[in-house]
Amino acid sequence: MEILQKISDSLITVKNKKPLVHHITNYVTVNDCANITLAIGASPVMADDIGEVEEMVSFASSLVLNIGTLNSRSIESMLAVGKKAKERGIPIVFDPVGVGATSLRTATAKRIIEEVGPSVIRGNMSEMKILAGLDAQIKGVDSTADEEDGITVAKLLSKKLNCVIAITGKQDIIAQGDQVCLINNGHPILSQVTGTGCMATSLVASFCGATEEWFVGAAAGIMTMGLAGELAQQSLQAGEGIGTFRMRLFDAVWAMTPELMKKGGVISNG
C-alpha cells in the first residue's frame, strides 16, 4: 500500500534529518515526550518562557502545543511561539488535551486554532467532537464519546480548520480533506500509561518535521505509537505490568525499522 511505503520511508528521513521539535507541553508528561522524540531519532527542546520561545522556534523543524496543564503564562507563550512558527512555515501540531472539560481549556483551544492555525490536530474522539461543535462527553482529560461517525467528524473538522486531523482511539483516523486512512495498530494497555497520547503527538511532530507531507507524518507518528505498543505488550513476561511495559514502549520506538513498519502496520484507506 502506498501510504505504508511512505510511512516507512519517512522513518529513514527522520533518522537522517534529526529534526528539532520544539515543545510547549504539560509537566505531567514532558520528560516522556522528550524521550520518545529522542527514541524515534529526532531532537527535543522544551523551552516555554515567553522571553525565549520565539527565538528558540526559529531553529526548530516543528512545534508541539499541548494544553494538558495550561496556565496563563504558558497560554501566552503558546500563542507567541505559534505565530512565529506559522510565519516560518514549519508544522504546528496541536494537542487539545481535555478541551471541553473547563471553560479555560475550551477558550484556549479556540484561541490557538483561530490565532495560530495548527497544521495537525491530534486528539481523542471527545476532544475532536467538541472542536467540531458536536455534543460529546469528557471525563477529566479522557474521552467518553463513542467512535461512531469518526470518519465524518475527521473530514468535517479537517475541511473546517484546513489542517490534518488525527483522531486516536480503538481505530485511529487520519484525515486531510477527503483523504482518509484508518490505522488498526495498538493495544488497550496503552490507555493505562499516562502520556501515551502526548507521546503520540510528539511522534507526529517528529515525522512532520522531517517531511513536507503532513498527512503522512501524522499517520507515521500514530502508527508508530500503536505498533510500538503492540510490540512492547508482546514482550511482557508473567508478572510484568505497566511499569515494564512503559520501559519497553520506549525500547520499541527506539528499535523501530521500516521493515517492522511494513510487516506490522495495519492501515487502510477510509
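The entries below go from confidence to cores, then to single residues and strands.

**Entry 1: ground rules and confidence**

I am working with a predicted model, where local features need pLDDT of at least 70, side-chain atom pairs count only at pLDDT 80 or more, and totals for chains, interfaces and linings use all residues. Residues are numbered from 1 along each chain as its sequence is written, and side-chain values use heavy atoms, with hydrogens and water left out.

I checked pLDDT, the predictor's confidence in each residue from 0 to 100. The protein chain has a mean pLDDT of 94, and 94% of its residues reach 70 or more. Over residues 138–145 I found pLDDT under 50. The model still has 25 contacts beyond four places in sequence for residues 138–145, a contact being heavy atoms within 4.5 Å. Where pLDDT is low, the predicted coordinates should not be read in detail.

**Entry 2: the cores**

Which residues have the most contacts inside the largest nonpolar core? I noted I7, I40, I174, F245 and L249, in a core of 49 residues. The term stands for a set of buried Ala, Val, Leu, Ile, Met, Phe, Trp, Tyr and Cys residues joined through side-chain atoms within 4.5 Å. Buried is under 20% relative accessible area, exposed over 50%, and partly exposed in between, with a 1.4 Å probe and protein chains only.

Among the elements that each supply at least two residues of this core are α1 (2–17), α2 (30–40), α8 (196–208) and α10 (242–254). The largest contribution comes from α9, with eleven residues. Helices (H or I, at least four residues) and strands (E, at least two) are DSSP runs, numbered from the N terminus. Apart from this core I found another one, of 36 residues, including I90, I92, A132 and I173.

I also looked around L249: beyond four places in sequence, L249 is in contact with L190, T196, M199, M225, A228, G229 and A232.

**Entry 3: helix α2**

I listed the buried residues of α2 as D32, C33, A34, I36, T37, A39 and I40. Their cover includes α1, β1 (20–24), β2 (43–45), α8, α9 and α10. Just after α2, I saw that G41 takes a positive phi of about 115°.

**Entry 4: two threonines**

Is T194 buried or exposed? T194 counts as exposed because its relative accessibility is 54%. T194 lies in the loop between β10 and α8. Leaving out residues up to four places away in sequence, I find T194 touching V28, T29, D32 and M199.

T196 sits in helix α8, and at 13% relative accessibility T196 counts as buried. A polar atom of the T196 side chain lies 3.0 Å from the backbone oxygen of L190. Beyond four places in sequence, T196 is in contact with L190, M225 and L249.

**Entry 5: the annotated pair**

The UniProt record, an unreviewed entry, places the feature "binding site" at R122 and T168. UniProt positions use the numbering here, feature names are shortened, and annotations may be inferred rather than shown by experiment. The two positions are spread over 47 residues of sequence, yet the largest C-alpha distance is 7.4 Å.

I placed R122 in strand β5 (residues 120–123); its 6% relative accessibility makes R122 count as buried. T168 lies in the loop between β8 and β9 (172–176). The side chains of T168 and R122 are joined by a polar contact of 2.7 Å. For such a contact I need a pair of N or O atoms within 3.5 Å; within protein, one must be able to donate a hydrogen and the other to accept it, and residues adjacent in sequence count only if both atoms are side-chain atoms.

Not counting residues up to four places away, R122 touches residues including F94, D95, M128 and I222. With neighbours within four places left aside, T168 is in contact with R122, G123, N124, M125 and I222.

**Entry 6: strands around β10**

How many bridges pair β9 and β10? I count five, in the antiparallel sense; two strands pair if DSSP finds at least two bridges between them. In their hairpin, which has two residues between the strands, G177 takes a positive phi near 65°.

I found I174 opposite C181 in β10, and C181 opposite N269 in β11. β10 pairs with strand β11 (residues 267–269) over three bridges, in the antiparallel sense. Four of the five residues of β10 are buried.
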